[in-house]
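Hi everyone, thanks for coming.

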Amino acid sequence: MSLIRQSVIRQRSLSTLLLLLIVAVHGCVWLQTERHSVPEFALPEPASFSLQSDSEPFFQTRFASSSVDDYVHSASVAPLPHGGLMAVWFAGSREGASDVDIRASRFDPASQEWTEEFTLVSREATETVLQRYIRKLGNPVIALAPDNRLWLFYVSVSVGGWGGSAINAMHSDDGGVTWSPPRRLVTSPFFNISTLVRNSPVFHRDGSIGLPVYHEFLGKFAEYLHLSPDGQVLDKFRISEGRHSLQPTVVPLSGEAALALLRNAGEAPRKVLASFTQDRGQTWSEPVQVEAWNPNSSLAAISAQDAEKDILVAMNNLRDGRHRLSLYETDPTLKNWRLRKILDEAPDPDGRLLPPEVYRMGVTKDFLSVGGQKIGDRLREYLLHLDQRILDERVCKEGQGCEVEFEYPNFMRSADGLFHVVYSWNNSFIKHVAFNQAWLEMQQ
Amino acid sequence: MNTGIILSHIPFALALFLLLPTGKLPAGARFAALAGAALFTMIPVDGLSLAEYVRSLTNDLSITSLLWLAWCAGARIGGIRATSGRRHLQLALCFSALALLLYPAAMGMSMFDPYRLGYAPSYLLVFVFAISMALWLVRHYFGAALITAATAVFMLDFRSPDNYWDYLIDPLLALYCLSVVGWYVLRRIWRNLKERFVWNLSTDMTRPAFENSPKGLISSMANLCPEEGVNVIICDNGEIQRHIEACTRSKLLHADQI
């Protein structure tokens, strides 16, 4: 009997202890939990740009990549803390191949030339640091934070297709010379997969990062990740839901408001989707289709001289295909779209497939229109590469012809006031276009 | 070796051990099997261990999964009392509910994303505290301790994920719990269908188990298991179990022995 009593007393003591533990542990965590608020968007002050560059119209094109035989795609560009630019993209034998790595090059403002490209991070390096199998790498995004820290976010996949993606983050405090090891952002409860990045982040007043991301697994929808200045995920907010909207590009319009333009992956004919926030990215309006067409392709937007009035958008304003990339200006109502410049277009206005010989002639002409000291050498190397192949498989398919594509633009504005767009040029080169406000006004 | 890697080897080794048919082996051999499973996870293939390959697929398991696996492995080796079938089912039900609350919405079925509640988890903590208290009140101390331990590890924050949900639940735990609950529901449906069929065939079928027992006990047991009194068993701790495997054999008293 006494044994039973002892057992009952022991059980009651243990249960009381457990009760105390439950209360204490949950209470401690509750007290420790920080309630994050989302600060206002950091808007670039127009006065912060050196307007000297705006005195004369300026427009310049270059190739940022230098390899002639790799499949290159999904470029992103950022200013460097002490002048110049850095562009990143993924390159390899084909999209999704295991030899794809993240390449980069730097733009020297003195010589107005891009350096030889170099590998910034490889699949193997990511695998070694993260200590998990990495099957392929994907979209990279580079951005300069207000504290002069350079951030690189890039996609990696361990299993399956792009739906199995996770986002990795690296940073550099010395202008991209040395980088931290990659770290996986935790963004999804389902094996931490299905989150991708494509467009540049925006920043908040406290230096925290607003990273537009998207899901591509069971659904295709966009989200806004709020990261601390040191890259920890603080919160995330849904921009859209469903199966048809992805790759958001976010443009702050004021401290409180921002616009997100989204790629439309719905049924054709498709138009660009737009969503607005009025509370610093915490809630977003239901995406609506605007006037501009979107052939299920990535687009990029940035605020122009006056954030509340002008927005520049680089996109394929086409019902189908990606054979023309154009620069448009609009306002936050998104009702008035004005074409400013066709950045690149295929010889055939309808984007029909070209015979390989026609493609060769066309690209030679296009190639020579791109400036730079080494462009002649680059062209010879490129033509030699084409001569060694029956078809350039990045662009041409046997028996079908060659599909000219200008796609995946990325936009930024540097401290000297210049606008910079980088995009995939026939999946063969990363093209860089720079222009200033004076040139933009001339286009009106 | 960082904590993430340790946390990838341990659950893989424990899961592997639990999948091995070691139930009838002596305790020493079972321990050796666990050690063998741990060594197996470390086999390198192309520069990565097997555990790291599995981790590439599964991501890090939650603390609750890890502790539950450890408890089950401890029970298999001996020295730790296994949770009863009913307790196991209750816990599976609890995690299934959490999984259904989290995964469909987090993967895009609604604009509301419950996963974001785990980044600064004030509201989620209140909810999880309520679950822990509910488990404690129904004397499911194992479940309450499991969730409290996961919360404590989140507080200590030595793991890399920074979302509270990732400490509480993971897709493999969700899948396991949903399977347990689904299997139970299917068995119940099958049993009910079978009993209805038998009842219709033999009209003189009765419920004989407690006919000679005290009246109060009969009525209370009939309320608990109105359709199958014959299977009702009483443990020495006073819990009424429906199945003989729910209690260890040494602690059983059959209804007709009272």
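Before we look at a sheet, a quick word on terms: two strands count as paired if DSSP finds at least two bridges between them. Helices (H or I, at least four residues) and strands (E, at least two) are DSSP runs, numbered from the N terminus. What you see is a predicted model, where local features need pLDDT of at least 70, side-chain atom pairs count only at pLDDT 80 or more, and totals for chains, interfaces and linings use all residues. Residues are numbered from 1 along each chain as its sequence is written, with chains lettered from A and ligands numbered from 1 in the order in which they are written.

OK, the sheet. In chain A there's an open sheet of four strands, in the order S1-S28-S27-S26, with antiparallel pairing. At its edges stand strand S1 (59-63) and strand S26 (406-413) of chain A; each has a single partner strand, so one side of each is left without a neighbour in the sheet. S1(A) pairs with strand S28 (residues 429-435) of chain A in the antiparallel sense, over five bridges. And if you'd like one spot to look at, find Phe63(A), which stands opposite Lys431(A) in S28(A).

Next, domains, with bounds from an automatic or database domain assignment. Chain A gets domain 1 (63-346 + 406-442) and domain 2 (353-404). Taken over C-alpha atoms, the centres of these two domains of chain A are 26 Å apart. Eleven residues from domain 1 of chain A and eleven residues from domain 2 of chain A make up their contact, where being in contact means that C-beta atoms, placed from the backbone, lie within 7 Å.

So which chain A residues meet chain B, and how many are there on each side? The contact takes 38 residues from chain A and 42 residues from chain B. On the chain B side, H7(B) gives the largest share, eight residues.

Finally, how far can we trust chain B? pLDDT is the predictor's confidence in each residue, from 0 to 100. For chain B the mean is 80, and 73% of its residues reach 70 or more. Among the elements of chain B, H6(B) has the highest mean pLDDT (96), and strand S5 (residues 252-254) of chain B the lowest (42). Over residues 208-232 of chain B, pLDDT stays under 50. Where pLDDT is low, the predicted coordinates should not be read in detail. As for the overall scores, the model has ipTM 0.90 and pTM 0.87.

Note on methods
Two residues are in contact if their C-beta atoms, placed from the backbone, lie within 7 Å.
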